[in-house]
Amino acid sequence: MDDKFMKYWLMKTEPNIFSWTDLEQKKIASWEGVRNYQARNYMRDQFQIGDKVLFYHSSCAEPGIAGIAKVVRGSYPDHTALDQNGEYFDLASQKSGQSRWVMVDLSPIKKFSRFASLTEIRQHASLQSMQLLRKGQRLSIQPVMEFEFAEIESTWG
DNA sequence: GCCAACGTTGGC
DNA sequence: GCCAACGTTGGC
């Protein structure tokens, strides 16, 4: 894979669990709880410090992108998989003695001047290639093309 | 709450 | 390795 095209990502979060506002308040946030192999592999194999992230609110009244964040720490073991009392506990990780999941750290760069709602993104002719718009697309971490990122930033940023 | 689409699990 | 059953995601 050409990593020229892998500098930009979209990451989904449920804002009632962790929102853009939470990220701004925390300044640096660890992205724990990803429990999907494809999403994990993106973080583990391709995330680099400085990569830019479209911060997407899902499963909420108005889904869409709230702002841009950046990767400030590359992948490291997601220890929440080993926390037996935590929400993200993973039996297979416990059995093997080490977490099979990873996480990264993010910091906010800027909040969009206008929230980029899914509805608006969908209406945007030059963004039809986005994975986000594909039917049945559930992956919580998705690669974004450079031109897609630029278009979104210039439209809503 | 509905439900389509997808990922994971586990019996065989 | 197949695939049915089950669980999850996430827009609507």
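Reader: What share of the atoms of DNA strand C within 4 Å of the protein belongs to sugar or phosphate?

Author: In this predicted model, 77% of those atoms belong to sugar or phosphate, and the rest to bases.

Reader: What makes K12 a polar contact of DNA strand C?

Author: A polar contact requires a pair of N or O atoms within 3.5 Å. A polar side-chain atom of K12 lies 2.8 Å from a phosphate oxygen of DNA strand C, so this pair meets the cut-off of 3.5 Å. For Y56, the distance from a polar side-chain atom to a phosphate oxygen is 2.7 Å.

Reader: How do you know that the buried residues of helix 5 line one face?

Author: The buried residues of helix 5 (residues 146-156) are E148, F149, I152 and W156. Seen down the helix axis, they fall within an arc of 100 degrees, and therefore line one face. They pack against strand 1, strand 3, strand 4, strand 5 and helix 4.

Reader: Which residues have the most contacts inside the largest nonpolar core?

Author: They are M11, L23, W31, F47, L106 and I141, in a core of 22 residues. Helix 1 and helix 2 are among the elements that each supply at least two residues of this core. M11 touches residues including W31, F47, L106 and I141. A second, separate core of 18 residues includes L10, I68, L127 and L132.

Definitions and conventions. Residues numbered from 1 in each chain as written. Chains lettered and ligands numbered in written order. Predicted model: local features only at pLDDT ≥ 70, side-chain atom pairs only at ≥ 80, totals over all residues. Heavy atoms only, no water. Near = heavy atom within 4 Å. Polar contact = N/O pair within 3.5 Å; in protein donor to acceptor, adjacent residues only side chain to side chain. Buried < 20%, exposed > 50% of the residue type's maximum accessible area, 1.4 Å probe, protein only. Helix = DSSP H or I, 4+ residues; strand = E, 2+ residues; numbered from the N terminus. Arc of directions from axis to C-beta. Contact = heavy atoms within 4.5 Å. Core = buried A, V, L, I, M, F, W, Y, C linked by side-chain atoms within 4.5 Å. Lists of a residue's contacts leave out its neighbours within four places in sequence.
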